[in-house]
Amino acid sequence: MANDKLPTPERVLVVAAHPDDIEFGAAGTVARWVNEGARVHYLLVTRGDKGSDDPMTDAAVLARTREGEQRAAAAEIGVEGVDFLDEPDGQVEASLAMRERITYAIRALQPEIVMTHDPTVVFVNNEWVNHPDHRAVGQVTVDAVFPTARDPLNFRQHIDQGLAPWKVAELYLWSTNEANQIVDISDTLERKIAALEQHASQFRQFDETARWLRRRSEELGERTGYQAAEGFRRVMLAR
Ligand SMILES: [Zn+2]
């Protein structure tokens, strides 16, 4: 049993830029919540159509492949629904049009918790540059959560269509440099790795990736006494 006393939400919306982002960032926590009865939806902003180092790759075929991989990864965890906004990979902007679409999803699904990329991070642990799509998706999702989805005069057409304004209680932001919530994923690390493995188009040597991910999860867990962990910047909005 996990020992971090994390409460179980009823509904969670996870918004990510690309297929495989959720598996790297949050799938251990998602699997835990699903096991405990939460209903989780994934919203993918792109289908990852630039995710190849082969210039001869057909982007449309790759997008279909990666959509299928993401659906398989979600099924591995027991996620209820996966939607794609089908923006072009590598070109995501934190636009008002995008904010409208994510606000719609929040009002339609009414999640207490929204998980996404930490939009403030340009350099992840001084190890790599955070992808600009990650920053854009994180920013537009945070803006959709507050204040856009909450206030009825924002995108009033949603209300006219029968949706209600919705107040999200908490944000969980992954790939953060400022984790203030370490989640015990000892019981779900293997499921997280199995979900990541579904993204077969992205790995030549999955064993190496799995080893790296296992080591990182264990190192983070060691600091808090768990066998394995995920770290988030957790922002509580309801108080
Ligand atoms: Zn990504």
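Which residues of helix α7 (residues 189–197) are buried?

**Figure 1. Overall view of the predicted model.** The protein contains eight helices and nine strands. Along the principal axes, its C-alpha atoms fill a box of roughly 50 × 50 × 35 Å. A compact globule of 239 residues would have a radius of gyration near 18 Å, and the value for the protein, 17 Å, agrees with this. Of the 239 residues, 44% count as buried. Among contacts with a separation of 6 or more, 79% are between residues 24 or more positions apart.

**Figure 2. Strand β2 and its pairing with β1 and β3.** Strand β2 spans residues 39–46, and six of its eight residues are buried, so the strand is largely enclosed by the rest of the structure. Strand β1 (residues 11–16) runs parallel to β2 and is joined to it by six bridges; Val 14 has Tyr 42 of β2 as its bridge partner. Strand β3 (residues 81–87) also runs parallel to β2, with five bridges between them, and the bridge partner of His 41 in β3 is Gly 81. From β2 the chain passes through helix α3 (residues 59–77) to reach β3, forming a right-handed β-α-β crossover.

**Figure 3. The largest nonpolar core, with Val 114 among its members.** This core comprises 53 residues, of which Val 14, Val 30 and Val 114 touch the most other members. Helix α5 (residues 132–148) supplies the largest share of the core, six residues. In soluble globular proteins, nonpolar side chains tend to be buried together. Apart from neighbours within four places in sequence, Val 114 is in contact with Leu 13, Val 15, Ile 106, Thr 141, Val 145, Val 168 and Leu 171.

**Figure 4. Helix α5 and its burial.** Of the 17 residues of α5, 13 are buried, so this helix is largely enclosed by the rest of the structure. At 1.5 Å a residue, α5 should span 24 Å; the C-alpha atoms at its ends are 22 Å apart, which agrees.

**Figure 5. Helix α7 and the helices against which it packs.** The buried residues of α7 are Leu 189, Arg 191, Lys 192, Ile 193, Ala 195 and Leu 196. These buried residues pack against α1 (21–25), α2 (27–35), α3 and α8 (206–222).

**Figure 6. The surroundings of Thr 46.** Thr 46 lies in strand β2. With 26 other C-beta atoms within 10 Å, Thr 46 is buried, since the threshold for burial is 20 or more. Not counting residues up to four places away in sequence, Thr 46 touches Ala 17, His 18, Glu 87, Pro 88, Asp 89, Val 92 and Asp 133. Between Thr 46 and Pro 119, the sequence separation is 73 residues and the C-alpha to C-alpha distance is 17 Å.

**Figure 7. Ala 164 in a loop.** Ala 164 is placed in the loop between α6 (156–160) and β7 (170–174). Is this residue buried or exposed? Ala 164 has 11 C-beta neighbours inside 10 Å and therefore counts as exposed, the limit being 12 or fewer. Ala 164 and Arg 150 are 14 residues apart along the chain, and their C-alpha atoms are separated by 8.8 Å.

Notes:
Residues numbered from 1 in each chain as written. Predicted model: local features only at pLDDT ≥ 70, side-chain atom pairs only at ≥ 80, totals over all residues. Helix = DSSP H or I, 4+ residues; strand = E, 2+ residues; numbered from the N terminus. Pairing = 2+ DSSP bridges. Right-handed = clockwise from strand over helix to strand, strands pointing away. Core = buried A, V, L, I, M, F, W, Y, C linked by C-beta atoms within 7 Å. Contact = placed C-beta atoms within 7 Å. Rg over C-alpha atoms; globule rule 2.2 N^0.38 Å. Expected span 1.5 Å × (residues − 1).
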